[in-house]
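Try each task before you read its solution.

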Amino acid sequence: IATFAFDWKVVGRRLLDRQTVEDIDRERLNEQEKRDKMLDKWIQKKASHATYRALMEVFRDVNNNQAAEDVEKLASSTKEGPPPRTQATNPTVRHVQAVVMAVSGNVEDNPGLGADEFTVKNILRQLSGVVDWKSLGIELDIDPAKLSEIERNYDKRVNDCRMSMVEFWVNFDTSASWNKLATALEAIFQNVKAKEVRELGRKEVLGGM
């Protein structure tokens, strides 16, 4: 479950007790596996209360609006569809598991989320192989102090640092776009990737016309 970017410990403390989150963090797992285990624990513990509505609310509480929107969009595309915001009832746990798995799965397997949409998941797909995430972050106008904080939090693990940096950028930069990302990639001499990303920006503009 869950390969799209979010700080699993922050979210986990909203969904589970602190001790459970700390126990997961001590296990010899990578960040993605810890994220998966945290969500599995939540589903097992909360049963029928582990709903996609609850997941969306937690994402909004921690200011991860992109993740909340992605879950809502995927939930809307399922057969049941999300309940109205004023409705008290919620989908089954099995439905929530399907939604969470869909968020983490391949974009191609989910027609509700296009590969050219400006989402954290799609950005990370484009940045696969870009090792110098910190220089990229600087070109994206992220405060160097924030980049250093990310580096410390994730013990300099490139994939996890890159994921956290992208999530932060998308959530807090109101001007974040494919074209801005392309310009930043050009600045760190990633010209091939910059060309691909700029093409996504062009498709997005054409798609919105």
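Predicted model: local features only at pLDDT ≥ 70, side-chain atom pairs only at ≥ 80, totals over all residues.

**Exercise 1.** At what angle do helix α1 and helix α2 pack, and how far apart are their axes?

Residues are numbered from 1 along each chain as its sequence is written, and side-chain values use heavy atoms, with hydrogens and water left out.

*Solution.* Step one: find α1 at residues 8-15 and α2 at residues 18-26; helices here are DSSP runs (H or I, at least four residues), numbered from the N terminus. Step two: the pair packs at about 145°, with axes 8 Å apart. Axes are lines fitted to C-alpha atoms over the stretch in contact, and angles run from 0 to 180 degrees between N-to-C directions. Step three: α1 brings Trp8, Lys9, Gly12 and Arg13 to the contact, while α2 brings Arg18, Val21, Ile24 and Asp25. Contact means heavy atoms within 4.5 Å.

**Exercise 2.** Is aspartate 160 buried or exposed?

*Solution.* Start by locating aspartate 160 in helix α10, residues 158-172. Aspartate 160 has a relative accessible area of 12%, so it's buried (buried is under 20%, exposed over 50%, partly exposed in between, with a 1.4 Å probe and protein chains only). Now skip its neighbours within four places in sequence: aspartate 160 touches Glu31 and Tyr154.

**Exercise 3.** Which residues of helix α11 are buried?

*Solution.* In α11, residues 178-187, pick out Trp178, Leu181, Ala182, Ala184 and Leu185. They cover an arc of only 165° around the axis, so they sit on the same side of α11; the arc is that of the directions from the helix axis to the C-beta atoms.

Key:
Helix = DSSP H or I, 4+ residues; strand = E, 2+ residues; numbered from the N terminus.
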